[in-house]
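Dear colleague,

Please find the structure for your work below. My notes on what was found in it come directly after.

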Amino acid sequence: MPAFSNPVISGFHPDPSVCRVGDDYYLVVSSFAFLPGIPVFHSTNLTDWAPIGHVFDRPGVLDLSGLAVSDGLWAPTIRHHAGIFYVITTITRGRRGASTILATAANPAGPWSDPVVLDAEGIDPSLFFDDDGRCWFTGCRDAAEPVVTGPGELWMRELNLETLALVGPTHILWHGAMSGAWVEAPHVYRRDNAYWLVAAEGGTEGNHAVTVATADTVTGPYRSDPRNPVLTHRHLAPDTAIQNVGHADLVDTPAGETWAVLLGTRPVDGFHLLGREVFLTRVEWTPRGPVFAPGTGQVLAIDEAPEGSAAGDTITESSPASFDWASLRELPPVIDASGAVTLDLRPDTLDGVGRPAFVARRHAHPAFASALVVDFEPGTGGEEAGYAIHQGARGYATATLQAGPTGREIVLGLVAAGVQTELGRASTPDGPVRITVRTDGLDYVVQFSAAEFSAAEFDGAEFDEPLTLGRVDGRHLSTERVGGFVGVVLGPYATSNGQPTTASARFSDFSYAAIGAPGRPAADRA
Ligand code: 6LW
């Protein structure tokens with residue numbers, strides 16, 4: 001049986017949801033305050049995934065202005081019914097559900113409809129299409145009557161597919177199985193005339209877990225499965241390679257197998273930079289119910305692939321134009337095939353909730369090497385442009401060209417826990433400058449050189465390799481230190497630090513490549 005390696009989609013792609021239409025699988029994930037919103041992936045074998053578009057990618061379709069990085073588009077669900085794809089998700093503000101929206105499409109690569117707002121509170125909305133054609137909305141919210149298991153409750157109402165409005169009574173389905181933990185991320189499935197409710201509990205960190213309940217009718221009552229939690233890594237050693245597993249969605253294959261996509265992390269020495277990634281594990285249906293990761297009870301780094309899963313649609317994502325570029329709270333400028341883009345400087349910076357001139361792709365591999373060339377002459381008054389490595393408003397690093405006392409300089413700055421420190425400063429050669437960033441374990445090593453490398457011209461000193469500007473201790477950019485629900489993203493950045501400006505910076509030759517782990521699935525080169 002061929003094997004596959006986890007994660008099947010690397011880099012921050014949390015809260016995965018999947019559906020199948022014929023031999024094709026489609027998967028969506030959260031995207032928070034980044035646009036375009038809700039990436040859509042395609043696969044023919046569940047292990048090789050290729051990005052095919054986004055649900056919210058048209059100008060003005062969504063307003064995420066003023067939202068914190070980890071607010072915005074949370075935990076979508078994708079389902080297909082009668083020729084129509086449905087994606088339902090939540091826009092959060094202040095870590096609370098602000099609105100529940102639904103979009104539809106005939107083609108999952110788009111175009112998707114404008115969002116329809118549903119009268120639904122809470123987060124983690126899902127849809128279940130029953131055999132009788134009725135559609136049931138489920139979600140999680142604060143429990144009306146707090147109960148021993150915790151503050152959350154899962155609830156359900158019918159969705160009228162004509163009006164796309166919730167109708168009829170509200171059904172309280174379940175309060176979860178594990179005490180003191182939020183019950184969230186509900187999905188309902190029908191199997192052998194029983195209804196199964198799969199949920200996440202324990203929070204999305206170390207205590208994350210998958211729990212299930214079952215009922216004879218779709219609106220319940222749901223009975224907790226005594227085997228709960230049915231999947232978790234919370235009890236495993238702290239140096240376990242894969243952690244925080246949970247938030248699962250199930251899909252059946254044409255061969256009749258059932259598999260779960262779920263989130264997990266790959267910490268290094270207790271810190272993770274790549275955010276919550278997409279993992280895959282088998283589910284076996286037994287008379288007692290679903291058994292996740294049969295035989296091991298663990299999500300494995302290498303596992304047996306689904307039956308009949310020939311090698312997937314491998315796409316060569318060598319061109320920067322195909323990278324999954326995103327910007328904060330607005331659509332990104334277009335990066336052309338050569339990796340070039342011009343950013344107009346703005347007063348907005350990365351530590352606000354504005355629209356900084358920042359276009360980024362995910363840090364998606366434990367080890368990578370990346371570079372860009374920046375052509376920019378900083379004026380005075382806080383203008384800077386270069387490369388940013390971003391986890392959140394209180395955790396990011398920048399290597400930027402700035403005006404120094406004796407001319408242009410390149411400066412490596414770090415914002416850690418909201419505190420700004422300088423890690424390196426050097427004067428630069430004239431003309432465009434190449435900035436390279438590569439990982440070394442948890443650290444980011446930043447170097448620079450003249451874009452057109454001519455040793456003699458630089459400080460008259462002979463040198464034949466880039467100069468090291470400094471090293472960023474990645475722990476400062478980890479979720480463990482910065483918090484939040486995203487992961488590190490990186491790319492061209494420019495700002496005038498609050499000052500008015502008309503300047504722009506030209507970026508070119510952006511490159512990003514994974515180091516090591518040859519021959520991994522296509523999406524891993526995304
Ligand atoms: C998601 C919820 C969660 O909606 O985090 O911790 C939220 N669990 O299920 C954002 O990823």
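The notes below cover the ligand site, the pockets and some backbone features.

The model is predicted, with local features requiring pLDDT of at least 70, side-chain atom pairs counting only at pLDDT 80 or more, and totals for chains, interfaces and linings using all residues. Residues are numbered from 1 along each chain as its sequence is written, and side-chain values use heavy atoms, with hydrogens and water left out.

Ligand site

The residues around the ligand are Asp 15, Phe 32, Trp 74, Ala 75, Ile 123, Asp 124, Glu 184, Thr 204, His 247, Arg 276 and Phe 485 (a residue is near a molecule if one of its heavy atoms lies within 4 Å of it). By class, five residues of this shell are nonpolar, two are polar and four are charged. In this scheme Ala, Val, Leu, Ile, Met, Phe, Trp, Tyr, Cys and Pro are nonpolar, Asp, Glu, Lys and Arg are charged, and the others, Gly among them, are polar. The strands β7 (72–81) and β11 (123–129) each supply at least two residues of the shell; strands are DSSP runs (E, at least two residues), numbered from the N terminus.

A polar side-chain atom of Asp 15 lies 2.6 Å from a ligand oxygen atom, and the corresponding distance for His 247 is 3.2 Å. For Arg 276, a side-chain N or O atom is 2.8 Å from an oxygen atom of the ligand. Taken alone, the ligand exposes 290 Å², of which the protein buries 96% (areas by the Shrake-Rupley method with a 1.4 Å probe).

Pockets

The ligand takes up the space of the second largest pocket, a molecule being placed in a pocket if more than half of its atoms lie within 2 Å of its grid points. A pocket is an open set of points on a 1 Å grid over the protein atoms alone, where a 1.4 Å probe fits, with protein on both sides within 12 Å along at least five of seven lines; lining residues have an atom within 4 Å of a point.

The volume of this second largest pocket is about 440 Å³ (the space filled by probe spheres set on the points, which are joined across faces, edges and corners). It is lined by 22 residues, and Trp 74, Arg 95, Ile 123, Trp 182 and Glu 184 are the closest to its centre. By class, the lining has seven nonpolar, six polar and nine charged residues. Its largest share, three residues, comes from β12.

The largest pocket holds about 500 Å³ of space. Of its 18 lining residues, Arg 79, Tyr 189, Leu 250, Val 251 and Asp 252 lie nearest the centre. The lining of the largest pocket has 10 nonpolar, two polar and six charged residues, and β15 gives the largest share, four residues.

Backbone features

The peptide bond from Gly 220 to Pro 221 is cis, with omega near 10°; Pro 221 is in the loop between β17 (209–215) and β18 (223–224). The bond from Asn 228 to Pro 229 is also cis, with omega near -5°, and Pro 229 is in the loop between β18 and β19 (231–232). Phe 32, one of the residues around the ligand, has a positive phi of about 55° although it is not a glycine.

Kind regards

Technical notes. Polar contact = N/O pair within 3.5 Å; in protein donor to acceptor, adjacent residues only side chain to side chain.
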